[in-house]
Amino acid sequence: MTTPATVVNVGADLFADAIADQAVAVTRVDWRPPMDGTDADLATLAADPLRRTANERALAAMLEVTATLVDVAPASELLGLEPGQFLHAGPPIAWERASGPLRGALMGGAALEGLVDDPEDAAALFESGTSVSLEPCHHRSTVGPMAGVVTPSMWMFVLEDAATGRRTFCSLNEGLGKVLRYGAYGPEVLTRLRWMRDVLGPLLQKAVRAVRDSGQGPVDVTGILTQMLQMGDEAHNRNRAGTLMLLRDLSPAMVTSGTGSADVAESLRFVGGNDHFFLNLAMPACKLALDAARGTEGSTMVVAMARNGTDFGIQTAGTGDEWFTGPAQLADGLFLGDYGPDDANPDIGDSAITETAGIGGFAMATAPAIVRLVGGSVPDALATTRRMHEITLGENPRWTVPVLEFQGVPSGIDVTRVCRTGILPQINTGMAGKQAGVGQVGAGLVTPPAEIFPKALARLAELARERAAR
Amino acid sequence: MTTNHVELRPGAYADSVTLLQVSRAVQGLDGVLAAQVAMATALNIEVLTEMGFAVPAQAGANDMVVALRLADADALDVALAGVDAALRDANRRDDGPTEVAPPRTTASAFRRVPDGLALVSVPGANALVEAMDAVEAGHDVMVFSDNVPLDQEIVLKRAAAERGLLVMGPDCGTAVVGGLGLGFANTVSPGPVGIVAASGTGCQQLLALLDHAGVGVSSALGVGGRDLSAEVRGLSTREALRRLDEDAAVELIVLVSKPPADDVAAEIREYAGSLGTPVELVLLGPGKPDLTAGTEAVLRRLGRDVPDWPVSGSTAERGGGRFLRGLFVGGTLASEAKLIATDALGAASVGSAGHTFVDFGDDAYTTGRAHPMIDPSLRLDHLARAAADPETAVILLDVVLGHGAEPDPSALLAPAIAAVSQPVVVAVVGTEADPQDLARQVHALADAGAEVHLSNARATRRAIELIGAAR
């Protein structure tokens, strides 16, 4: 037999030293005990004959999807949302446990829909609960940033996987500061939302449909993501290049839509001046990709990470629609103006779908321009992306990071690897004020609560044991 | 005045070998009379309690315990700083500037290195997960870890068999793969013999004796002690035989094992018969030849001369006492000695009320603790107890050299033997090229008053002879 070229040593360093002494290369694994109480479940899943191929299929399904922008229309038409029905970010939650920013957004949404005249009156409406209902965006093929509140009259982007016709949806981005998704519901917030409903939405619909039906075909959102990752955007907290590329693709059709030039100019100014406008396309593109992996029996891949401001929840490809939840954490980062840590609400929003798909915090290395915004340094950013490869199943060949020699972004979070290494997914996030009505107070980095991964692992292992017993 | 300091560090972790080094480093500090830094496993708590330390009741296996006995309470700060420095130093690696953090899983490591094999020595409860990473990435794996559940061993070996990969272990202490020693392995010259071994120290005895006889070994593949059981059915043995059969350098394959389950034995014999390379079976057990006799059979089959197996030194005068006390670090060496004694003295006289043969490498002694070939303290402690026991007539020991084992075992063992009044017989299992320097080790032990053999079977027979003399 030939002498091994390399030995991967996991465990006692002494044996690695002995191999190095014999002039053979050694790669030393920095092994540490897994998360408490996971030994047996990890062994069960290691032994599960489905796991490896299921994960390969789940990852491949996710990476295959190309998301295109095919329409813009009101939620009432697209989702059949009726007055009194509200979608929100994160796992399911009732008004009683809802955080300040989610309550603020719901109150503003109720005023927008005309259920109340004054948003302050909406609290009583939600407390009684008789004429309103709350449902997670994720349950309606939708994602919403921050509070993620969607009401029937809000206009939504429609993303489609051309290969299957599957669709996902997301509202239009309002900009930063005092905005509904951060829990603000003042008059300026409602005025902006009404303008988006009456002017921006219909204009975008005309433009998106015109582009879709032209020779060039619908806007390739996945393709824009590929490009923006090479232009300093990580597509969660920085979407500047993506927003401008979207404008490039839509603005001729906006100009020729027949809409009045003043409205077109105002719309172009609004979109061009909102660096986060593309986030609301990045998110449903990520969801469209991840949903392709849902329902893969035996797969331990995470298909959604979402927060409602109170709970952080994950779903996996192998556990259907079940949520595994724990308390949402406070982000660590920088604060706007005089705001400080005491003003911040725990983590909120469906936007962690970007990290779930391998961008956002996972692609931090490609966005050095914002490392300080989220309280880090450039070496931290490189280390973060590399560290995320320890908990993911593979790399995305389309979405690459130039500074890491065009290595693909770390893709497909594996519950078993999170439990084995104790490395938690790194999420870039905005911070909402904890009082309803305040709006954004900062931005930073956050991780899920560690305990939700052993919970998901236990369920996956239980299902594996049931299969083995069949 | 002497004070004890015990603190728990929940969530802190280092492997048992690192903690042994840390404990030693701290023991060397001024004002420190005793130091034990260990994970709070049941066994370690017992050891600490015996040392006179009070371990808090809430201590669990995921907590690190720092236990210090100080000449003076003032020494505490210096001692704790010493603990922290030693833990830090143990983790420091002189690999030059490393921008990229090391891999955290075996799967991640194999993304970085395209070929090679894996050596897994994490705790048994975690071994399958790491070993399966290697197999799924298409690599052979050696599992040194013990305490791996049988069903997990079967799953791992079936997955490997589907891919034509070799799993050495679990509980595989020794392997030589294309000349590279893995785990506890002796340095051997390349040669015509290929070994498949279900026993680590049995394999090492063979390597040592063949080396003395001037016969080299191309590869020695461990398969784990349960591989030829009715449950595992020789999955690794078949693959190991196949690999050695493919190796043009191998003229004779030697299979060392306890007798397999009957129907498995038939299957393996049939498989061995289908190979182009002859296979010599060295089966260990009651009524079977010992390892030395097995080696002699191998030499004769190769047409080589059987040399005189070396002996150095002479034992102390016999004293009182009736019993043989065998204290071993090698499991197969312990069972070989016990078999020989049972054969010579009768089953009734061997056991807890008679002659005893303790294997300190047994799972019961190694949970959360380094193997006695690395950490001799437990056996040294028992050696002192046996020496103090008036019933002890003769003490029989083994010393196993090679990569991975203690760098200088005689440094602590020779003075301990010199302090023993009873006759001491030692089997030193090693080759001339081993890093510990076989000749120097043998001299040091012989100078301390022991009779030193290369053959464990010869050492055992000599110890039995000395009991007869003691009667």
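A residue counts as buried here if 20 or more other C-beta atoms lie within 10 Å of its own, exposed if 12 or fewer, and partly exposed in between, with C-beta atoms placed from the backbone. This is a predicted model, where local features need pLDDT of at least 70, side-chain atom pairs count only at pLDDT 80 or more, and totals for chains, interfaces and linings use all residues. Residues are numbered from 1 along each chain as its sequence is written, while chains are lettered from A and ligands numbered from 1 in the order in which they are written.

**Helix H2 of chain B**
- On one side of H2(B), we have B:Ala42, B:Glu46, B:Thr49 and B:Glu50, which are exposed.
- The buried residues of the helix (residues 42–50) include B:Asn44, B:Ile45 and B:Val47; helices (H or I, at least four residues) and strands (E, at least two) are DSSP runs, numbered from the N terminus.
- Strand S2 (32–39) of chain B is part of what covers them.
- Just past the end of H2(B), B:Gly52 has a positive phi of about 95°.

**The sheet in chain B**
- Chain B has an open sheet of 6 strands with mixed pairing, running S13-S18-S17-S16-S14-S15; two strands pair if DSSP finds at least two bridges between them.
- S13 (311–312) and S15 (356–359) are at the edges with a single partner strand each, so one side of each has no neighbour in the sheet.
- S16 (residues 392–400) and S17 (residues 424–429) of chain B run parallel, joined over 6 bridges, and B:Leu396 has B:Val425 as its bridge partner in S17(B).
- Helix H15 (residues 438–447) of chain B packs on this sheet, touching S13, S16, S17 and S18 (451–453), and makes about 175° with the direction of S17(B). Axes are lines fitted to C-alpha atoms, for helices over the stretch in contact, and angles run from 0 to 180 degrees between N-to-C directions.

**A:Ala456 in chain A**
- A:Ala456 belongs to helix H15 (residues 452–469) of chain A, and it counts as buried because it has 26 C-beta neighbours inside 10 Å.
- Beyond its neighbours within four places in sequence, A:Ala456 is in contact (C-beta atoms, placed from the backbone, within 7 Å) with A:Ile314, A:Thr316, A:Thr319, A:Phe324 and A:Val415.
- A:Thr325 is 131 residues from A:Ala456 in sequence, but their C-alpha atoms are 9.0 Å apart.

Methods:
Contact = placed C-beta atoms within 7 Å.
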